[in-house]
Amino acid sequence: MSSYQKELEKYRDIDEDEILRTLSPEELEQLDCELQEMDPENMLLPAGLRQRDQTKKSPTGPLDREALLQYLEQQALEVKERDDLVPYTGEKKGKPYIQPKREIPVQEQITLEPELEEALAHATDAEMCDIAAILGMYTLMSNKQYYDAICSGEISNTEGISSVVQPDKYKPVPDEPPNPTNIEEILKSVRSNDKELEEVNLNNIQAVADMLRENRSLQSLNIESNFISSTGLMAVLKAVRENATLTELRVDNQRQWPGDAVEMEMATVLEQCPSIVRFGYHFTQQGPRTRAAQAMTRNNELRRQQKKR
């Protein structure tokens, strides 16, 4: 029998109940804390179940988060900062680094004619930039500077080689004003072969949206490949909500991309107008594209069920 087993033999016949009866209340409380099974590393348990409650103070009231934060902030401000082991004096030590001058070997030295040396010595940064582009030294400049120097017949890079590349200035394009053309009068002039009529401009006319609000017989509307702006498309989409007879709408291939807001409005209109079963537009965003596809599937299913009845 080993010494360890002999040591355990002493506790074989111990009466545990007798020992517990002799313990004081404080010792019993301490024993209860020791016997609690806690898991301090289990992050899935609340903090109260990961460690023992060692607080002897009774609660003073409900938790006041703002007051606690103010107390912690005030206590942090009252703590004295630790002094530096070596105070900072701002003194600079050592010598600044000076790059040694490199002497160009004789075999690498280039000798130019006096006229060229004088011209290069008095050349401006813009002229040096254009010369570098002509000689093919495109790594010394940006792509814009290089192609400006090659394609232009005069000095165009006035900022020089070492300049920072500047973006092209954005030229705002104002929206086209509303078209005051009277469509009914224009149609009469076209039908009567009016000789004074030389030009017909139907761009940016609000009549399409107004027509959709009033018309109750139109079933298909195709306004693809036009110059309708995002504002005009938004007006058409809002008018479609008030039309219950339109079943097909095609608005693709406009002069400019209508934008995210118009695409989201398209998806909303298709969801709220079950009468539209064919819609022509190529979405650029995944969100409205998915919503529109689901709405078209639902609208066609509703139309199929109505035909069965």
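What is the strand order in the open sheet of three strands, and is the pairing parallel or antiparallel? Select the strands and you can read off the order 1-2-3, with parallel pairing. Two strands count as paired if DSSP finds at least two bridges between them, and helices (H or I, at least four residues) and strands (E, at least two) are DSSP runs numbered from the N terminus.

Before going further, keep in mind that this is a predicted model, in which local features need pLDDT of at least 70 and side-chain atom pairs count only at pLDDT 80 or more, while totals for chains, interfaces and linings use all residues. Residues are numbered from 1 along each chain as its sequence is written, and side-chain values use heavy atoms, with hydrogens and water left out.

**The whole chain**

Zoom out for a moment. The protein chain has 13 helices and three strands. Of its 309 residues, 20% count as buried, where buried means under 20% relative accessible area, exposed means over 50%, and partly exposed is in between (1.4 Å probe, protein chains only). Take the contacts between residues at least 6 apart in sequence: 61% of them join residues at least 24 apart. Contact here means heavy atoms within 4.5 Å.

For a landmark, click Arg250, which stands opposite Gly280 in strand 3.

**The core**

Next, select Leu212, Val240, Leu249, Val251, Met266, Leu270 and Phe279. These have the most contacts inside the largest nonpolar core, which has 26 residues. Such a core is a set of buried Ala, Val, Leu, Ile, Met, Phe, Trp, Tyr and Cys residues joined through side-chain atoms within 4.5 Å. Two or more core residues come from each of helix 10 (207-214), helix 11 (230-240), helix 12 (260-272) and helix 13 (286-308). Helix 11 gives the most, with seven residues.

Centre on Phe279. Beyond its neighbours within four places in sequence, Phe279 is in contact with Leu249, Val251, Met266, Leu270 and Met296.

Colour helix 11. Eight of its eleven residues are buried, so helix 11 is largely enclosed by the rest of the structure. The buried ones are Gly232, Leu233, Met234, Ala235, Val236, Leu237, Ala239 and Val240, and they pack against helix 10, strand 2 and helix 12.

How do the axes of helix 10 and helix 11 cross? They come within 8 Å and cross at roughly 0°. That makes the two helices roughly parallel (angles under 35 degrees; over 145 is roughly antiparallel, 65 to 115 roughly perpendicular, the rest oblique). The axes are lines fitted to C-alpha atoms over the stretch in contact, and angles run from 0 to 180 degrees between N-to-C directions. Show side chains for Val208, Ala209, Leu212 and Arg213 on helix 10, and for Ala235, Val236, Ala239 and Val240 on helix 11: these make the contact.

Now move to helix 12 and select Glu265, which lies there. At 14% relative accessibility, Glu265 counts as buried. Leaving aside its neighbours within four places in sequence, Glu265 is in contact with Met234, Leu237, Lys238 and Arg241.

**Stops in the loops**

Go to the loop between helix 11 and strand 2, where you'll find Leu246. Is Leu246 buried or exposed? Leu246 is buried, with a relative accessible area of 1%. Not counting residues up to four places away in sequence, Leu246 touches Leu212, Leu218, Gln219, Ser220, Leu221, Val240, Ser275 and Ile276. Draw a C-alpha to C-alpha distance from Leu246 to Pro274: 9.9 Å in space, for residues 28 apart in sequence.

Asn193 is found in the loop between helix 9 (183-191) and helix 10, and has a positive phi of about 55° although it is not a glycine. Asn193 is exposed, at 64% relative accessible area. Ser225 lies in the loop between strand 1 and helix 11; this residue also has a positive phi of about 55° without being a glycine. Ser225 is partly exposed, with a relative accessible area of 48%.
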